[in-house]
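I opened this model to look up its hairpins, a sheet and a helix crossing. My notes follow below the view.

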Amino acid sequence: MDVDIEDILAELNTDSTAVDQSGNPFSDINNNNNASTLYNESSSYPETNLKTNATSTSIPSPQQDYNNLIILWRNERCAPELLPYPHNLMTRMLSRIQEQMERLEIISMDFLGQQHSTTTTDTTGNNPVNNNNMLPLLCMEAELERIKFVIRSFIRCRLSKIDKFSLYLRQINEENESISPLQDFLSKDEMIYYESHSEILLKLFNDTILKHLPPNMQAINDNTGTVPMIDEPDWNKFVFIKVIGPQNKIFNTDPILIKGDNGKWYYEVIIPELQERVELIIDSIYVMRYKVIKDLLMEGKVTLI
Amino acid sequence: MSLPALLQETFSPEEVQFIVENQKIKIFPRITTNKRRNLSDSNNEGNDDMSRWKMLTMDGRALETMIVMKSTEVTLWLALLLKQQSKCNIIIPEWLTVRGLELMLQYEKRNVDRFSALPWDWLVVSEILFKQAADDFNDPIHELRNRIQDLKEIRQMKVLQGLKYLNESHLQLDNLGILEINELRPFIVTVMDKLRLIHASGQPDEEESDEYGEGNADDVGMGTMLNSDTNMSSSSVPPNGTML
């Protein structure tokens with residue numbers, strides 16, 4: 001499984017290198033120009049998952065992107081279903097990682113070229129001046145590792161859900177292709193993974209059991225009058241949420257936000273099974289059924305914790 | 001497979017620490033990056049590149065303009081990194097003093113059914129700072145540790161007493177820390193899910209039939225009758241069982 005993830009990351013990385021090669025990677029200015037055209041292209045279609053800021057035209061800063069990635073990662077880990085893939089965010093993130101890796105390489109090569117002493121690459125070098133110079137490099141490397149960790153964990157989590165729900169994904173894809181095409185839901189590489197995985201799975205079912213059964217019982221999902229046989233995500237699973245409120249923090253602009261008597265702002269949700277109304281106060285923490293808060297989650301008004 | 005079962009339920013303690021380390025904290029730098037940069041600027045171009053901070057997760061300017069003993073704000077992990085290189089002192093947050101913790105303790109004791117407004121990462125931050133920045137505290141650490149321990153216990157007791165109010169509807173848990181939530185998550189979620197199923201099976205059939213239909217019934221006849229049962233056993237039945 002590790003190999004798969006590495007492959008995906010590697011492929012995504014090489015993709016972004018291909019774009020970078022048009023500019024001179026050794027010049028900062030060129031690199032930045034290059035990156036901004038990349039963002040503009042990708043921001044032409046709207047980010048479905050998280051509205052990063054009020055003005056959709058401007059490019060989110062690296063910090064915003066990172067913070068959003070952390071939120072998306074935590075959401076993905078806690079949610080019972082597979083959440084949409086943040087195409088734009090990930091494209092930006094991966095191209096930044098690529099850039100940063102090249103930058104680090106140049107910097108460390110400079111060090112090697114400049115220093116003739118033997119302790120060059122030793123970050124704990126005895127020479128204090130050397131140590132000071134190495135500090136940015138050290139921090140940048142540590143930061144890069146942290147970002148890579150989040151992305152790996154994020155993708156691993158998504159792959160495990162793709163494994164789990166591969167038949168379900170196939171089913172919704174066949175049923176309503178126009179509503180939520182899988183291509184939006186999964187990244188290009190996840191799509192490849194998903195397709196081959198579900199093919200293998202179906203073949204296994206078929207070869208081991210189904211083909212030995214009477215023909216009228218061979219369907220993978222036989223729900224004539226009874227229960228569907230394909231695993232769906234548990235929509236009512238309880239999740240821990242934190243109520244965030246509108247992205248811009250201007251409470252008046254959110255039509256579904258209500259101001260209570262005590263001056264607290266809240267969203268009102270209804271639990272259909274119990275016919276119960278619940279007030280979700282901003283900044284509070286709740287344990288809730290996933291289905292009840294799914295819409296708020298998609299708008300980024302609550303996060304899973 | 002791609003994500004160990006343990007991590008599917010909740011976050012690991014290391015991951016919690018990772019999340020917390022993205023928070024900001026104030027430091028006193030012991031180095032001046034500002035001046036050094038100007039110097040190297042005049043020296044040559046290559047040097048400039050080397051001392052540049054180009055960060056992806058934060059504003060690099062805070063790092064480029066560090067001045068000795070002038071407080072600045074950086075993310076916790078970076079503060080710890082600088083601390084390890086003895087390049088900074090961490091400014092201990094106000095709540096993490098004997099006085100601050102004492103106030104919280106009093107609040108916890110006075111309000112039996114509430115949690116004091118400690119920061120959401122209090123347990124993690126205090127633990128990290130005790131370990132890695134022990135020399136930056138003004139108060140004796142063992143006293144702080146005692147109070148943290150007291151707080152932890154008194155809050156844990158409240159949580160345990162609160163467990164009897166678990167229901168099938170929802171739960172509000174204000175001011176509970178991330179580590180406390182993480183610890184409770186598997187238990188609370190499992191219990192509430194079961195309560196939900198028990199409650200649902202007491203309801204008329206039509207309402208539940210499509211909500212709880214996800215259990216892959218091996219026996220069609222049983223499926224509609226015992227929804228909760230098929231649900232519980234669903235993990236041991238193929239297709240899940242064979243692949244995972």
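I began with a hairpin: β2(A) and β3(A) form it with five residues between them, and A:G263 in the turn has a positive phi of about 80 degrees. Helices (H or I, at least four residues) and strands (E, at least two) are DSSP runs, numbered from the N terminus. The model is predicted, so local features need pLDDT of at least 70 and side-chain atom pairs pLDDT 80 or more, while totals for chains, interfaces and linings use all residues. Residues are numbered from 1 along each chain as its sequence is written, chains are lettered from A and ligands numbered from 1 in the order written, and side-chain values use heavy atoms, without hydrogens and water.

Next I checked the pairing. Strand β2 (residues 257-259) of chain A pairs with β3(A) in the antiparallel sense over three bridges; strands pair if DSSP finds at least two bridges between them. A:K259 stands opposite A:W265.

I then followed β3(A) onward. Six bridges join β3(A) to β4(A), again antiparallel. A:V269 has A:V278 in β4(A) as its bridge partner. These strands also form a hairpin, with four residues between them. I noted that five of the seven residues of β3(A) are buried (under 20% relative accessible area; exposed is over 50%, partly exposed in between; 1.4 Å probe, protein chains only).

Which non-glycine residue in that turn has a positive phi? A:Q275 does, at about 50 degrees. Most residues other than glycine have a negative phi. A:Q275 counts as exposed because its relative accessibility is 69%.

In chain B I found B:S86, with a positive phi of about 45 degrees. B:S86 lies in the loop between α6 (76-84) and β3 (88-90) of chain B. At 44%, B:S86 is partly exposed.

I turned to the open sheet. Its four strands run β6(A)-β1(A)-β5(A)-β4(B), with antiparallel pairing. β6 (302-304) of chain A and β4 (171-172) of chain B have a single partner strand each, so one side of each lacks a neighbour in the sheet. A:Y286 stands opposite B:Q172.

Last, I looked at helices. The axes of α6 (residues 166-175) and α8 (residues 188-208) of chain A come within 9 Å and cross at roughly 105 degrees. Axes are lines fitted to C-alpha atoms, for helices over the stretch in contact, and angles run from 0 to 180 degrees between N-to-C directions. That makes α6(A) roughly perpendicular to α8(A) (65 to 115 degrees).

Terms used. Parallel < 35°, antiparallel > 145°, perpendicular 65-115°, else oblique.
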